[in-house]
Amino acid sequence: MSRATTTPRESPLLPESDAREVALLFVVAALCFLAALVALSARSSYGAAAEWTSASEGELTVRLRGVDARAAGRAEALITEIEGVAQARLIPREEAAQMLAPWFGSNGLPAGLPVPTLIEVSAVPGAGELADSLTSALGAAGFDALIDDHAQWGQDVRRALGMARFAAFAAVALLVATAVAVIAFATHAALLARRDIVNVLHLSGAPDPFIANLFERRFWLLGLRGGSIGAVAALGAAALLVFALGSHAERTWLLPRLSLDFWDFLILLLTPIIAGFASRIAARRTVLNELARTI
Amino acid sequence: MIVTMTRHSPDRIDAPSVRFDRVGLRYDSSEDVLSDLTFELEQGAFAFLTGASGAGKTSLLRLIYLALRPTHGEVYLFGQRVSQLRRAQLSALRRRVGIVFQDFRLLEHLSAYENVALPLRVQGQKEPNYRADVEDLLNWVGLGERLHARPETLSGGEQQRVAIARALVSKPDLLIADEPTGNVDPNMAERLMRLFAELNSRLGASVLVATHDHGLIARHNAPVLRLQNGLLVRDGQERAG
Ligand SMILES: Nc1ncnc2c1ncn2[C@@H]1O[C@H](COP(=O)(O)OP(=O)(O)OP(=O)(O)O)[C@@H](O)[C@H]1O
Ligand SMILES: [Mg+2]
């Protein structure tokens with residue numbers, strides 16, 4: 001008998017795949033898809049809102065009553081001097097009139113109407129609350145001033161966002177926990193079907209870690225694959241969603257934006273890794289539990 | 001009752017391969033399958049184990065190949081008290097034991113060749129190094145043409161021969177064979193027995209063969225352990241020491 005050169009390479013000690021594992025792959029992919037999608041949309045709406053609130057934060061409007069143009073100019077100069085103010089701009093009467101146009105029509109304002117004098121103030125980033133120092137400085141100089149602060153509004157938006165983010169986080173956590181549980185369960189089932197292999201390996205003198213590693217490697221790869229499929233699908237779905245909404249909605253500034261920054265990539269990268277670890281650890285625990293019943 | 005096998009090589013001073021000290025076994029709540037067995041299988045010994053169906057032959061062998069713990073008493077393997085060993089040490093002992101299971105236990109997804117190579121892979125050996133040994137052994141048991149066949153495509157007798165090749169391939173210090181000739185014709189049975197004898201005489205391995213084939217026992221001059229009512233009775237011929 002010729003020494004066969006056709007002898008195939010060592011095949012895996014565990015069967016390549018079976019229907020159970022294909023089903024498991026699908027489940028892992030689906031769960032990872034949902035988790036990544038929730039995480040991505042939580043991330044992007046938070047990002048949009050953060051941008052949005054920070055844009056409106058640090059902006060104040062000062063409204064002066066009973067001042068002429070010269071006094072308004074003095075007030076503007078005074079405000080510019082206050083610490084923490086980056087810029088102050090007196091809004092010209094025509095611009096203010098334009099803002100009021102929706103109420104008074106395009107014919108212009110009635111001549112006698114006292115149009116308020118408005119000064120737009122932007123703060124140096126991180127300067128903190130300016131409203132109080134503006135009020136006291138203007139009051140001391142004898143101005144009758146009202147400060148319109150956007151901070152309150154920004155806080156409301158942030159509170160709502162915080163809750164949305166918490167809900168998304170809870171959903172992601174729940175999905176991850178479910179995935180881990182499903183994987184652990186499926187691993188257990190796969191192991192019961194593989195009991196003969198575990199047994200023969202065990203009685204051939206394979207140490208517990210050797211046997212556990214076989215299953216760990218198998219389920220690590222399965223988790224990674226399922227997770228990657230899910231993550232890529234989530235990315236595609238998110239892009240599609242933004243594209244579809246973006247092309248139909250006028251108020252695009254309200255949309256979550258999918259800029260795919262570092263954090264989005266991190267989510268997409270972490271999804272398969274978490275799935276991989278979940279299946280790997282579950283596999284290890286199940287195999288070792290099973291082996292603990294043998295002598 | 002004490003049954004002591006004569007030493008195959010009298011100059012050995014090593015511990016017996018197997019020693020049972022008042023070993024009893026009971027599954028769940030049923031009555032004792034084995035009661036109070038005390039015997040030794042000396043290193044290098046060749047012995048038969050016989051007894052009616054259900055007498056407990058497989059159970060006794062399972063105690064030896066460390067698939068079961070006794071309900072009471074102590075089992076010693078290669079001089080080591082099994083109950084005192086850690087799991088890693090038990091694994092190391094198992095690697096010195098070749099087992100032919102009564103129900104073969106071949107892995108269905110592996111070819112005959114790969115099934116035979118399994119114990120070597122467990123020992124960490126790599127494919128090109130063991131190929132010759134595995135193929136020679138499969139040739140010897142008459143399966144040189146079926147190297148890549150899956151177990152399900154083999155006859156019962158062919159599967160049995162793959163199982164035997166797997167038990168022998170790592171040249172174990174102790175061979176435990178549970179009805180190894182139950183599915184083959186008398187010619188093949190003799191051929192397989194010669195393989196066991198060779199492992200025993202050339203490599204000094206201890207061999208314990210469970211069988212109800214009286215013809216087989218009659219043709220071989222080896223001590224016989226008979227299980228009856230959970231006890232060991234010794235009969236048959238004794239090989240001169
Ligand atoms: N896992 C088990 N659980 C409970 N009882 C068992 C188990 N294995 C074997 N038995 C019982 O132990 C007794 C001995 O069985 P064993 O398989 O050792 O007999 P045997 O001598 O090998 O029989 P055979 O010649 O038919 O192979 C039988 O009565 C059997 O029913
Ligand atoms: Mg039996």
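This is a short tour of a predicted model, stop by stop.

**Before you start**

Residues are numbered from 1 along each chain as its sequence is written, while chains are lettered from A and ligands numbered from 1 in the order in which they are written. Local features need pLDDT of at least 70, side-chain atom pairs count only at pLDDT 80 or more, totals for chains, interfaces and linings use all residues, and side-chain values use heavy atoms, with hydrogens and water left out.

**Stop 1: chain B**

Select chain B. It holds 7 helices and 11 strands. Both are DSSP runs, numbered from the N terminus: helices are H or I with at least four residues, strands are E with at least two. Of its 241 residues, 56% count as buried. Buried means under 20% relative accessible area, exposed over 50%, and partly exposed in between (1.4 Å probe, protein chains only). The C-alpha trace of chain B spans about 50 × 45 × 40 Å along its principal axes.

**Stop 2: the magnesium ion**

Select ligand 2. Which residues coordinate the magnesium ion? They are Thr58(B), through OG1, and Gln102(B), through OE1, at 1.8 to 2.2 Å. Donors are N, O and S atoms within 2.8 Å of the metal (3.2 Å for Na, K and Ca); water is not among the atoms, so sites may look incomplete.

Now show the chain around the pair. Thr58(B) sits in helix α1 (residues 57-64) of chain B, and Gln102(B) in the loop between β7 (97-100) and α3 (112-122). The two are 44 residues apart. Thr58(B) is partly exposed, at 28% relative accessible area. Gln102(B) is partly exposed too, at 39%.

**Stop 3: ligand 1**

Select ligand 1 and the residues around it, meaning those with a heavy atom within 4 Å. Among them are Val33(B), Lys57(B), Thr58(B), Gln102(B) and His212(B).

Next, look for polar contacts, which are pairs of N or O atoms within 3.5 Å. An oxygen atom of ligand 1 is 2.9 Å from a polar backbone atom of Gly56(B). Another stop is Ala55(B), with a backbone N or O atom 3.3 Å from an oxygen atom of ligand 1. In Tyr27(B), a side-chain N or O atom is 3.5 Å from a nitrogen atom of the ligand.

**Stop 4: Thr286(A)**

Move to chain A and select Thr286(A). Where is it found? Thr286(A) is in helix α8 (residues 262-292). Is it buried or exposed? Thr286(A) is buried, with a relative accessible area of 10%. Its side chain reaches the backbone oxygen of Ala282(A) at 2.6 Å.

How values were computed. Polar contact = N/O pair within 3.5 Å; in protein donor to acceptor, adjacent residues only side chain to side chain.
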